[in-house]
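Welcome, and thanks for taking a look at this one with me. Below are a few notes to read alongside the structure.

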Amino acid sequence: MRPMGEPGSRRQRAADHGERSLIGPPSGASGEPPDGDASTPGFVYVLAFFSALGGFLFGYDTGVVSGAMLLLKRRMNLSALWQELLVSSTVGAAAVSALAGGVLNGWLGRRMCILLASFIFSFGGVMLALAPDKVVLLVGRIVVGLGIGIASMTVPVYIAEVSPPHLRGQLVTINSLFITGGQFIASVVDGAFSYLSEDGWRYMLGLSVLPAVLQFLGFICLPESPRWLLQNGQNQEALQVLCRIRGDQNVEEEYDSIKASVEEEEREVRGGGMVILRILSHGPTRRALIVGCGLQMFQQLSGINTVMYYSATILQMAGVRDDREAIWLAAATSATNFVFTLVGVWLVERVGRRKLTLGSLLGTGLSLALLAVGFLLSAQSSPPVTFHPVDPNNSTCRLYGSCEPCTLDPGCGFCFRENGTKVLESSCVPVHPASTDHAAWGRCYNKTEDGKSPIWAYNYCPTSYSWVVLMGLILYLAFFAPGMGPMPWTVNSEIYPLWARSTGNACSAGVNWIFNVVVSLTFLHVAEYLTYYGAFFLYTGLVFLALLFVLACLPETRGLQLEDIQNLFMGQLCSCGASSPTHSRHVHYIRHGSGYSSAQYGALDSDGAIAYITLK
Ligand SMILES: O[C@H]1[C@H](O)[C@@H](O)[C@H](O)[C@@H](O)[C@H]1O
């Protein structure tokens, strides 16, 4: 890499003139294109759009399954275990392929990996749409999961590598917008096809083939990332791609900077060895990996997928009894997630990654506390069991005195009648072994269509505090979606040097998927031991830990060229955060050969633009 301040560099030329250089980093950190260069060519937006279809498929395939399952469990007579398998197998497969994606990415390139993922998505989609039985369905869900894992780690890297620095955050965050957009469209499709009780699930699961094929066709014509091309010695092609994606801007400096950085990295890492071991033994990349994996872990530990998954139940608590109504209201929940991700796209280049993540975590934590308080109030006013039918099997359900402990036992449900908000004739009875939709026997076994049968509540209790929970849910999504939703993906796409980028992103995406499985599989057990409010207080605590982690360790990467970002990780891990506060000076290390010897001082002006001066 050409050191900043090296004779001949743009920044040094200004410094040589004796000015206290106020030239920003290669592109304006304030969100402006460098030196007022010509505007970014539309081609970059086309690239971002076709890549982000991978995000859309990630969102669609993880989101669509809940609605499809409502129909499938009846059509295929699925046991609870099979339902669990069909939902979690995709996430599990995504974890495995995200981890393997690092090797594939370095070996085949970003473009080939995206093509591979869209091919896998198309194949899996066809398989799901035509599945004759549950085994083929399971294989289809695993195939789709393999596609999701590869796409989830490749797409942000590709977009980051083709974007100009001043737009990088926004364009990578668009991928997250497509994820939540995919989840939203999936919930609308679920709603629309829920009326086709016979084959609706085939359309729900199969429709993902359309965006997958579109992405495949698009990527046949789109170029490889110039950074990967340079890393693999294809210099001419890299220059051509750079010219295409930067339009009439001068690409010479960017080309030189990437090339120098590749050459220097090659010198440093001569001798090879496994990339992950090299990452771990090299301080700055090790610290970047800890920050990247930590962010992804905390994203999942903030309970987003529990909240999304649990939204239907929260709505039932609030008095929505009809299945269809609950499906449409769940679509409103994912719409909230989507709309607020849009706010993140707007904010990321304006306030920067760090402030956005911190603000988001603070709001997410407070909303989780509100959710927990809502559940606590509901538990305290939990309706008593007033009707005790004779239990033929002497199950544990007859021992519970109120709704709360009854519904926390996975084997029991609450059967009651309502008169306005008053709960009458309530009993705690065993759930049917084949379906949680009704009781094993008694009044809540057979539902009649005349609306006179009692209400069967599995997993929730009727409560007059549901509005507190509902408010907590909406506030949670409004705070999570702009920051903690997209930032872990965005930050990971930029913090690793080129040689470590594929592996770093593979590890952090793998961590995201692993914690996704862990949180969703443990939620009901955690709730069983700690009650619902205990579970949400636990998530609140984890979010405050995340806040401390981000406060201490996440540096601001806004506006910096990818090749310069690693310098932010030169200091101690938990001083990372200190390198980026506004209005403060920070040392910017310059690489000389393989060492970091001299320094430039950078000061952030009030817009967050970085000014550099060189110490001689
Ligand atoms: O960033 C995404 C997004 O926030 C989704 O809504 C969530 O389901 C995913 O797990 C997460 O990785």
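**Notes on the sheet and the ligand site**

1. Let's begin with a pair of strands: E1 (residues 412-419) and E4 run antiparallel to each other and are joined over three bridges. Please keep in mind that this is a predicted model.

2. Now step back to the whole sheet. It is open, with four strands in the order E3-E2-E1-E4 and antiparallel pairing. Strand E3 (435-439) and strand E4 (455-457) form the edges, each pairing on one side only. On average, neighbouring strands here are turned by 40 degrees against each other, ignoring direction.

3. Next, the ligand. The residues around the ligand include Phe58, Thr180, Asn305, Phe480, Gly485 and Asn516. By type, the shell divides into three nonpolar residues, nine polar and no charged.

4. Which parts of the chain supply this shell? Helix H7 (165-193), helix H14 (283-301) and helix H21 (498-553) each give at least two residues. In terms of domains, at least three shell residues come from each of domain 1 (40-222) and domain 3 (275-381 + 463-569).

5. How much of the ligand does the protein bury? Taken alone, the ligand exposes 300 Å², and 98% of that is buried by the protein.

How values were computed:
Residues are numbered from 1 along each chain as its sequence is written. This is a predicted model: local features need pLDDT of at least 70, side-chain atom pairs count only at pLDDT 80 or more; totals for chains, interfaces and linings use all residues. Side-chain values use heavy atoms; hydrogens and water are left out. A residue is near a molecule or strand if one of its heavy atoms lies within 4 Å of it. Accessible areas come from the Shrake-Rupley method with a 1.4 Å probe; for residues, only the protein chains shown count as cover. Ala, Val, Leu, Ile, Met, Phe, Trp, Tyr, Cys and Pro count as nonpolar, Asp, Glu, Lys and Arg as charged, and the others, Gly among them, as polar. Domain bounds come from an automatic or database domain assignment. Two strands pair if DSSP finds at least two bridges between them. Axes are lines fitted to C-alpha atoms, for helices over the stretch in contact, and angles run from 0 to 180 degrees between N-to-C directions.
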